[in-house]
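Subject: Structure handover

Hi,

Here is the structure I promised to pass on. Have a look at it first, then read my notes below.

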Amino acid sequence: MNDQLATIFLDNWSIYQRIITFNYMRHKEFAAETFNVFNKLEVKEPLEILDLGCGDAQPMTVQLKQLKVGSYTGYDLSDTALEFARLNLQPFDCKIALRQGPMQTLIHQERGSFDVIYSSYAIHHLLDDQKASLLQDCYNKLSGKGCLIMIDLLRDKNESLHHYIDRYIDDIKNHWVLLSAQERELIYNHMRQYDFPAVKDDMMAWASKIGFLVEESPVNDGLNKMLVLTKP
Ligand SMILES: C[S@@+](CC[C@H](N)C(=O)[O-])C[C@H]1O[C@@H](n2cnc3c(N)ncnc32)[C@H](O)[C@@H]1O
């Protein structure tokens, strides 16, 4: 499944870049909120940052401009996305490591710890038991007072996966008007095959059980949500 997923993003990366440009998934609002989280961090700079499913790293470059960063590590399945990431990260004067592969495997190979683990629109590709294990792995790799910032597709309480995906697709049909019908059809097919958003309350319960302090960001358009999970 992972190889197919990588190919889909390899073939259609330009569609995703335009989705970001048109702000269809609220990248701008989530960026502003992420900036607030960075501002309130109680960890020592320079920051060590890990980005899970970084894609072309565009959302993180918005943050890096305003932070003191010691290192940025990004994981992604897609080599093509990582090539774009390498270019986007060129202006930054910190240690950069980009690793190709599944985040749920790569995180086990990390020796050091991170002050911030960030993941934007990637964790919903994992199955629920993988998501819960990944949360535990993130907790283990975070320094004290460090946090996991998760921006993602998350279902409402008692909402079936099928119902959520149908709601998302309706939203695309109604609002993503600057993409062609064919491009939108590709996205629907991708979502029906590869997207497994968790129920938000389940994700929060798994995180609390692990020991995270769990906060939900006010930026929530009913489909896309943000959680901030802090290690006490
Ligand atoms: C929707 S894009 C998000 C990219 C970027 N984080 C952003 O918000 O713009 C999802 C990314 O997650 C990557 N991805 C999906 N499953 C993954 C996994 N198991 N391990 C690593 N990367 C994964 C995909 O290759 C893709 O680049």
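Predicted model: local features only at pLDDT ≥ 70, side-chain atom pairs only at ≥ 80, totals over all residues.

Residues are numbered from 1 along each chain as its sequence is written, and side-chain values use heavy atoms, with hydrogens and water left out.

**The second largest pocket**

By that scheme, the lining of the second largest pocket has eight nonpolar, three polar and six charged residues. A pocket here is an open set of points on a 1 Å grid over the protein atoms alone, where a 1.4 Å probe fits, with protein on both sides within 12 Å along at least five of seven lines; lining residues have an atom within 4 Å of a point. The space in this pocket comes to about 370 Å³, the volume being what is filled by probe spheres set on the points, which are joined across faces, edges and corners. There are 17 lining residues, and V37, K40, E215, V228 and T230 are the closest to the centre. Helix 2 (27-40), strand 5 (142-153), strand 6 (213-216) and strand 7 (224-230) each give two or more residues to the lining. Helix 2 has the largest share, with four residues. Helices (H or I, at least four residues) and strands (E, at least two) are DSSP runs, numbered from the N terminus.

**Strands**

Which elements are enclosed? Strand 4 (residues 114-120) is largely enclosed by the rest of the structure, because seven of its seven residues are buried. Buried means under 20% relative accessible area, exposed over 50%, and partly exposed in between (1.4 Å probe, protein chains only). Strand 2 (residues 69-76) has seven of eight residues buried, so strand 2 is largely enclosed as well.

For pairing, DSSP has to find at least two bridges between two strands. Strand 4 runs parallel to strand 1 (residues 47-52), with three bridges, and V116 is the bridge partner of I49 there. Strand 4 also pairs with strand 5 in the parallel sense, over six bridges; in that pairing Y118 stands opposite I149. Strand 1 is joined to strand 2 by six bridges, again parallel, and L52 has Y75 as its bridge partner.

**Cores**

In soluble globular proteins, nonpolar side chains tend to be buried together. A nonpolar core, as used here, is a set of buried Ala, Val, Leu, Ile, Met, Phe, Trp, Tyr and Cys residues joined through side-chain atoms within 4.5 Å. The largest one has 49 residues, and I19, F38, I49, Y72, I149, Y168 and W176 touch the most other members.

Contact means heavy atoms within 4.5 Å. Leaving aside neighbours within four places in sequence, the contacts of Y72 include I49, D51, C54, L89 and I96.

Most residues other than glycine have a negative phi, and most peptide bonds are trans. A few spots here go the other way:

- E45 and P46 are joined by a cis peptide bond, with omega about 0°; P46 is in the loop between helix 2 and strand 1.
- R26 is not a glycine, yet its phi is positive, about 65°. R26 sits in the loop between helix 1 (2-21) and helix 2, and is partly exposed at 29% relative accessibility.
- Y121 has a positive phi near 55°. Y121 lies in the loop between strand 4 and helix 6 (128-141), and is buried, with a relative accessible area of 7%.

**Two more residues to look at**

I123 is found in the loop between strand 4 and helix 6. Is I123 buried or exposed? Buried, at 2% relative accessible area.

L186, in helix 8 (residues 181-194), is partly exposed at 41% relative accessibility. Beyond residues up to four places away in sequence, L186 touches N12 and I15.

Cheers

Conventions
Nonpolar A, V, L, I, M, F, W, Y, C, P; charged D, E, K, R; others polar.
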